[in-house]
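Work through the exercises below with the sequence and the model in view, and try each task before reading its solution.

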Amino acid sequence: MAESRRKIVVVDDDEIKRYTVSRLLEKAGFGVVEVSTGAGALEAAQSNPDLIILDVGLPDINGFEVCRRIKNESSNRTIII
């Protein structure tokens, strides 16, 4: 049986930073979802990723607020941010 890949959400509005981090993680064998906004991060969190790498300075919602909203959902409390 194949081992399932860990899923990581990379949230950054800087396209170059997001691309660089994502490619490094993919080369290491992780499944990566890229998003560029806080709203996208909130939506991606619903897929129960193993880890969210979250930028603080996002264009729509501050990263600290995104983190707070994700952690307020009981189903998301085990997600590492």
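**Exercise 1.** Which pattern does the protein chain follow when read along the sequence?

*Solution.* Before starting, note that this is a predicted model, in which local features need pLDDT of at least 70 and side-chain atom pairs count only at pLDDT 80 or more, while totals for chains, interfaces and linings use all residues. Residues are numbered from 1 along each chain as its sequence is written, and side-chain values use heavy atoms, with hydrogens and water left out.

Begin with the elements, where helices (H or I, at least four residues) and strands (E, at least two) are DSSP runs numbered from the N terminus. The protein chain has three helices and three strands, and reading along the sequence gives the pattern β-α-β-α-β-α.

**Exercise 2.** Find which residues Leu 54 touches, not counting those up to four places away in sequence.

*Solution.* First locate Leu 54, which belongs to strand 3, residues 51-54. Then look for contacts, meaning heavy atoms within 4.5 Å; with the sequence neighbours set aside, Leu 54 touches Val 11, Ala 41, Gly 63, Val 66, Cys 67 and Ile 81.

**Exercise 3.** Which residue forms a salt bridge with Asp 50, and what does the pair tie together?

*Solution.* A salt bridge is a side-chain nitrogen of Lys or Arg within 4 Å of a carboxyl oxygen of Asp or Glu, and by this rule the count comes to six. Asp 50 pairs with Arg 6, the closest N and O atoms being 3.3 Å apart. Asp 50 lies in the loop between helix 2 (38-45) and strand 3, and Arg 6 in the segment before strand 1 (7-11), so the pair ties together parts that are 44 residues apart in sequence.

Next, judge accessibility by relative accessible area, where buried means under 20%, exposed over 50% and partly exposed in between (1.4 Å probe, protein chains only). Asp 50, at 32%, counts as partly exposed, whereas Arg 6, at 52%, is exposed.

**Exercise 4.** Where do Glu 65 and Arg 68 lie, and how many residues apart are they?

*Solution.* Both Glu 65 and Arg 68 lie in helix 3 (residues 63-72), three residues apart, which is about one turn of the helix. Their salt bridge has its closest N and O atoms 2.5 Å apart. Glu 65 also meets Arg 69 in a salt bridge, at 2.9 Å from N to O, and these two residues of helix 3 are four residues apart, again about one turn. As for accessibility, Glu 65 is partly exposed at 24%, Arg 68 is partly exposed at 42%, and Arg 69 is partly exposed at 37%.
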